[in-house]
Each structure stands twice: as structure tokens, then as C-alpha cells.
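Subject: The structure we talked about

Hello,

Here is the structure, and below it are my notes on what was found in it. Please keep the model open while you read.

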Amino acid sequence: YSTGGALNLSKCSWFLISWVWKNGKARLARASESPGTLKLTAGSDIHNPVEIQRIEPTDSFRTLGVHISPSGNNAGAIEILLQISLDYATQIVPSNFTREDALWSYILYFLPKIRFQLPVLSLSKTECLALQAPALRTLLPKLHINRNTARSIIFGPEELGGLVLPNIYTEQGIIKLQLFLGHLRLQDKTGNLYK
């Protein structure tokens with residue numbers, strides 16, 4: 001049992017965090033290097049243990065809607081985010097959206113789906129631009145803007161002639177800074193750990 005009720009053991013999984021050291025550098029051990037199994041029983045059936053699926057620490061697994069891995073490997077999350085961007089692009093192309101409709105679909109539909117995962121990921125600027133590219137390539141023509149317009153204009157501030165479209169790399173930084181400052185101001189366990 002966990003908070004909220006009984007666990008469905010067939011849907012459970014686990015990671016083993018074990019380190020392998022080589023020349024003074026540590027990396028997470030693969031299952032073959034650090035074997036082990038985990039068996040649990042349901043609360044009402046203590047005589048039939050169920051083996052819980054083990055996941056490699058470098059693989060990502062969907063946890064509360066975000067694909068993360070203990071090793072910090074973002075490949076699984078990037079793949080999912082790119083698919084969200086591609087899906088959005090394929091839905092926008094045939095649409096009869098007005099300029100306003102297209103802009104609102106981007107701000108109210110696409111960006112929240114991407115932003116939701118940003119607090120727990122560490123994506124590079126190149127990765128963020130690649131994730132945002134399919135959505136922008138289809139959005140900009142709907143806004144009657146050349147899709148090859150410099151991104152400094154697309155993401156730039158209005159006072160400098162920019163269009164002020166959110167850049168997910170900048171959004172990621174803002175979200176992480178808000179979380180960091182929030183923990184420091186709350187003086188909670190995480191904030192005290194930061195200090």
C-alpha cells in the first residue's frame with residue numbers, strides 16, 4: 001500500500017542505484033553488473049509474491065507524466081517532447097485557424113505540455129531549439145510570418161522589435177530559478193540543503 005490505496009504490482013517498477021568505479025570516476029551500474037530482483041506480495045495475498053519489473057538506471061520511465069532516469073539521461077524525455085512538437089505541427093498545418101487562434105493554440109496548448117516537464121529536466125539550448133522547431137515551423141506561417149525569420153526576432157522583446165514568443169530554453173531557466181528561490185525562501189529541507 002502507498003498513499004492513495006493499493007499498488008497494482010504489475011504496473012510497478014524499480015531502479016537499483018549502485019555505482020561502478022573506474023579510474024576514480026563513478027557511473028551507475030547496469031543490471032548485469034549489479035544483479036538483483038524485487039518481489040512483493042499484495043496485501044490480501046501474502047503467499048504469492050510478484051516479481052517487480054527492474055529498469056536500467058540509464059533508461060527513462062514515465063513518473064508523474066515526465067520521462068526521467070536516475071542517471072540524468074534525458075533521451076527518453078526528449079523523444080517524448082519532440083513527438084509532442086511534431087503532433088502539434090501536424091494538427092496545425094491543415095487547420096483553418098486565424099492568426100489569433102494559432103497564437104492561442106501555441107500559448108495555451110503546446111507550451112503548457114512542454115513546460116510541465118521542464119522543472120525536472122536539464123535540456124541544452126540546442127535541444128530546446130530542436131524541440132521547439134517543428135511547432136514554430138508550422139505556427140509562424142499561420143501568424144503570417146516567414147518561417148525563416150531570425151529566432152532573435154521571434155523570441156526577442158517587444159521594445160527591440162521582437163515578437164515575444166516564449167523560448168522554452170529561457171522558460172526552463174526561469175522555472176528552475178523560481179523553484180530554487182522558492183525553496184530558499186521557504187527554508188524547507190531542500191532550501192536548507194541548498195544553503
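A contact, as the word is used here, means heavy atoms within 4.5 Å. By that rule, and leaving aside residues up to four places away in sequence, N167 touches Q132 and F155. This is a predicted model, in which local features need pLDDT of at least 70 and side-chain atom pairs count only at pLDDT 80 or more, while totals for chains, interfaces and linings use all residues. Residues are numbered from 1 along each chain as its sequence is written, and side-chain values use heavy atoms, with hydrogens and water left out.

To begin with the whole chain, its secondary structure comes to 6 helices and 8 strands, where helices (H or I, at least four residues) and strands (E, at least two) are DSSP runs numbered from the N terminus. Along the sequence the pattern is β-β-β-β-β-β-β-β-α-α-α-α-α-α. The radius of gyration, taken over C-alpha atoms, is compared with a globule rule of 2.2 Å times the number of residues to the power 0.38; the protein chain has 22 Å, whereas a compact globule of 195 residues would have a value near 16 Å. Its C-alpha atoms fill a box of roughly 65 × 40 × 40 Å, taken along the principal axes. Of the contacts with a separation of 6 or more, 57% are between residues 24 or more positions apart.

As for the surface, the protein chain exposes about 12,800 Å², and carbon and sulfur atoms supply 57% of that area; accessible areas come from the Shrake-Rupley method with a 1.4 Å probe, and for residues only the protein chains shown count as cover. Buried residues make up 30% of the 195 residues, with buried meaning under 20% relative accessible area, exposed over 50%, and partly exposed in between (1.4 Å probe, protein chains only).

Let me return to N167, which is found in the loop between α4 (151-155) and α5 (168-186). N167 counts as buried because its relative accessibility is 11%. Its side chain reaches the backbone nitrogen of Y169 at 2.9 Å, a polar contact being a pair of N or O atoms within 3.5 Å (within protein, one must be able to donate a hydrogen and the other to accept it, and residues adjacent in sequence count only if both atoms are side-chain atoms).

Another loop residue is L118, between α2 (99-115) and α3 (125-142). L118 is buried, since its relative accessible area is 0%. Not counting residues up to four places away in sequence, L118 touches L123, I168, E171, Q172, I175 and K176. The C-alpha atoms of L118 and L129 are separated by 14 Å, although these residues are 11 apart along the chain.

Phi of N23, however, is near 55°, a positive value, and N23 lies in the loop between β2 (19-22) and β3 (25-28). N23 counts as exposed because its relative accessibility is 76%. V164 also has a positive phi, near 60°, and is found in the loop between α4 and α5; with a relative accessible area of 45%, V164 is partly exposed.

Finally, P112 is found in helix α2 and, at 35% relative accessibility, counts as partly exposed.

Best wishes
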